[in-house]
Amino acid sequence: MVRTYDITLPADTSWLADADAQAVAHAIEAGGHRIYFVGGCVRNALLGLPDSDVDMSTDALPERVMALARQAGLKAVPTGVEHGTVTVVSGGKGFEVTTFRRDVETDGRRAVVAFSDNIDDDARRRDFTMNALYADAEGRVIDPLEGMADLRARRVRFIEDANARIREDYLRTLRFFRFCAWYSDPAEGFDADADALSAIASNTDGLETLSAERVGAEMQKILRAPDPAPALAAMRQTGVLGAILPGSDDRWIAMLVHFERLAGLPATWLWRLAALGGDDVAGRLRLSKADARDLDRIKDAAFGGAPIAELAYRHGVKIAQGAWLLRACIAETPPDLSVLETIQQASQAVFPIKSADLMPEYSGPDLGKRLKQLEAVWIASGFAADRAALLDTPNT
């Protein structure tokens with residue numbers, strides 16, 4: 001039964017106040033159809049969080065959506081018409097409008113769908129109750145599956161049978177932990193739904209069917225959360241963390257988050273991934289070449305002996321800060337905050353000697369060796385030695 005709540009979102013909610021979004025809704029309504037804003041944009045508006053993607057759902061079939069959009073002078077693009085999705089371009093912005101659907105067949109990665117004119121069918125094929133919330137063009141909230149109660153409690157709960165929802169798309173396991181990391185109430189502590197955790201633990205084999213790209217994208221989102229430590233601990237306890245990142249260990253994550261806050265530094269997902277560790281992390285998460293390189297640098301620096309100032313000079317602020325925080329975790333000792341200024345200064349230091357300063361006395365391999373020797377002397381001086389002093393340094 002569709003429940004209309006006694007909640008109407010404020011008129012200044014960004015997507016309600018957006019004339020372009022409203023134009024799309026009005027175009028479909030003008031044809032006698034229902035259309036609702038749905039999912040993340042409604043959820044985040046109710047929680048007072050920044051906008052998510054603005055998606056819409058309707059009882060109109062895709063061909064009808066395209067016809068009505070064009071009649072209203074809007075552009076319609078059949079971006080996923082076989083799955084019911086049409087992108088309607090209004091004011092230069094694209095809005096995905098998807099026909100109500102129900103799943104006919106699923107294989108753990110994709111679904112065969114049938115179109116429906118029933119909002120309950122559409123709601124039941126979604127993942128979590130807090131994502132099955134709709135709002136009409138006036139901002140009235142529609143709640144087919146009583147998701148408002150879970151949203152108010154900051155409780156992430158699968159729709160109906162958790163096992164069934166997971167087996168429809170095994171990525172929902174990782175999405176569950178991501179939503180817990182982002183939307184659980186930190187004041188109430190981490191209290192994940194027991195039925196969900198049991199179902200997840202029973203279906204870890206399905207994670208093997210997911211592509212590295214999908215797993216990597218979800219792990220980045222989890223690690224970017226304000227405090228992913230409780231979610232990662234639950235992932236370990238259910239066997240999920242070991243399945244996607246064999247050899248990983250979340251023991252330093254809570255400490256790292258605490259030290260980040262102590263230092264007033266923004267969360268950086270690569271620091272946290274370096275703290276997790278694991279076998280072939282870059283391959284299992286399909287990291288970009290740049291991210292894989294920086295991950296290796298952070299790990300090597302954290303466990304290596306190079307001074308933090310030298311790391312900042314050679315690799316920049318973020319690598320040095322990550323190594324500094326991880327060294328504090330390894331030592332289980334709060335970091336010395338005065339080092340932050342050292343990192344900033346060292347990252348801006350410029351070696352005062354150029355190759356031309358040493359020529360023609362030195363050339364070829366001897367020139368490179370002499371440059372490295374003088375650079376080492378300069379770093380050891382705390383970047384204080386000037387050009388004249390360095391040029392006077394004996395060759396050893």
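Residues are termed buried when their relative accessible area is under 20%, exposed when it is over 50%, and partly exposed in between, as computed with a 1.4 Å probe on protein chains only. The structure is a predicted model, in which local features need a pLDDT of at least 70 and side-chain atom pairs count only at pLDDT 80 or more, whereas totals for chains, interfaces and linings use all residues. Residues are numbered from 1 along each chain as its sequence is written, and side-chain values use heavy atoms, with hydrogens and water left out.

Helices (H or I, at least four residues) and strands (E, at least two) are DSSP runs numbered from the N terminus. Helix H10, which spans residues 229-238, is mostly covered, with seven of its ten residues buried; these are Ala-229, Ala-231, Leu-232, Ala-233, Ala-234, Met-235 and Thr-238. With contact taken as heavy atoms within 4.5 Å, the buried residues of H10 pack against helices H7 (171-183), H8 (194-201), H9 (212-223), H11 (240-244), H12 (253-263) and H13 (269-276). Just after H10, Gly-239 takes a positive phi of about 90°.

A nonpolar core is defined as a set of buried Ala, Val, Leu, Ile, Met, Phe, Trp, Tyr and Cys residues joined through side-chain atoms within 4.5 Å. The largest such core holds 117 residues, of which Phe-176, Met-219, Met-235 and Leu-273 touch the most other members. Its largest share, eight residues, comes from helix H17 (residues 317-331). Apart from this core lies another, of ten residues, among them Ile-119, Ala-123, Tyr-134 and Leu-145. When residues up to four places away in sequence are not counted, Met-235 touches Leu-174, Phe-177, Met-219, Ile-222, Val-240, Leu-241 and Ile-244.

In helix H12, the buried residues are Ile-253, Leu-256, Val-257, Phe-259, Glu-260 and Ala-263. Viewed down the axis of H12, these residues fall within an arc of 165° and therefore line one face of the helix, the arc being that of the directions from the helix axis to the C-beta atoms. The elements that cover the buried residues of H12 include H10, H13, H17 and helix H18 (339-347).

Thr-87 lies in strand E5, residues 85-90, and counts as buried because its relative accessibility is 14%. The side chain of Thr-87 makes a polar contact with the side chain of Thr-79 at 2.8 Å, where a polar contact is a pair of N or O atoms within 3.5 Å; within protein, one atom must be able to donate a hydrogen and the other to accept it, and residues adjacent in sequence count only if both atoms are side-chain atoms.
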